[in-house]
Amino acid sequence: MNRLLLIAMIVVFAGPAAAESLIAAKNVRAGQRLQADDIVTPATTEALRVAASMIGKEAKRNLYKGKAFASGDVRSPTVIDRNALVTMTFTKGPLVIETEGKALDFGGVGDRIRVLNVRSKRIVSATVLDENRVRAN
């Protein structure tokens, strides 16, 4: 009877979460990009799809061999470092303004970061476009 209860608990509590949980095949340091041989996954279609979407992303924290991790533990690769000088673009209709800014956060393409406008000394929120450019929001 205890064995049946244990199996039922595993199905209820580990069902959907188990599909997203992946296991690190080796130690991966925070900031390191994931490669295919860094991930161990069960051979289900959903788990393989999730694993494939993680390849090329950066670990947010240290991932340890044999320990589970989820999609929230990785992020887009960093293309702008903190304190980097970037070109800030503001667009409103036909008006386009470009100025120099200083990134106050790390960011990957599509991430929102804080940027200091070097001329006005104001901090604005901006979306990372590429290695040197952000779009002010």
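Is Arg133 buried, partly exposed or exposed, and what is its relative accessible area? I looked this up first in what is a predicted model, and I noted that Arg133 is partly exposed, with a relative accessible area of 36%.

Entry on the partner of Arg133. I found that Arg133 forms a salt bridge with Asp130, with 3.2 Å between the closest N and O atoms, and that Asp130 also counts as partly exposed, at 30% relative accessibility.

Entry on salt bridges. I noted seven salt bridges in the structure, and one of them joins the side chains of Lys26 and Asp38 at 3.3 Å, N to O. Both residues lie in the loop between strand 1 (22–24) and strand 2 (39–40), so the pair ties together parts that are twelve residues apart in sequence. I wrote down that Lys26 is partly exposed, at 36% relative accessible area, whereas Asp38 is buried, at 2%.

Entry on Arg61. I saw that Arg61 forms a salt bridge with Asp73, the closest N and O atoms being 3.2 Å apart. This pair links distant parts of the chain, with Arg61 in the loop between strand 3 (58–59) and strand 4 (68–69), and Asp73 in the loop between strand 4 and strand 5 (74–75). Arg61 is partly exposed, with a relative accessible area of 36%, while Asp73 is buried, at 18%, which means that its value falls under the 20% cut-off.

Entry on the surface. I located a nonpolar patch formed by Phe90, Leu95 and Ile97, which together have about 260 Å² of accessible area. Of these, I placed Ile97 in strand 8 (residues 95–103), and I noted that Ile97 is partly exposed, with a relative accessible area of 42%.

How values were computed. Residues numbered from 1 in each chain as written. Predicted model: local features only at pLDDT ≥ 70, side-chain atom pairs only at ≥ 80, totals over all residues. Heavy atoms only, no water. Patch = residues over 30% accessible without salt bridge, like charges linked within 9 Å, V, L, I, M, F, W, Y side chains within 5 Å. Areas by Shrake-Rupley, 256 points an atom, 1.4 Å probe, with all protein chains shown as cover. Salt bridge = Lys/Arg side-chain N within 4 Å of Asp/Glu carboxyl O. Helix = DSSP H or I, 4+ residues; strand = E, 2+ residues; numbered from the N terminus. Buried < 20%, exposed > 50% of the residue type's maximum accessible area, 1.4 Å probe, protein only.
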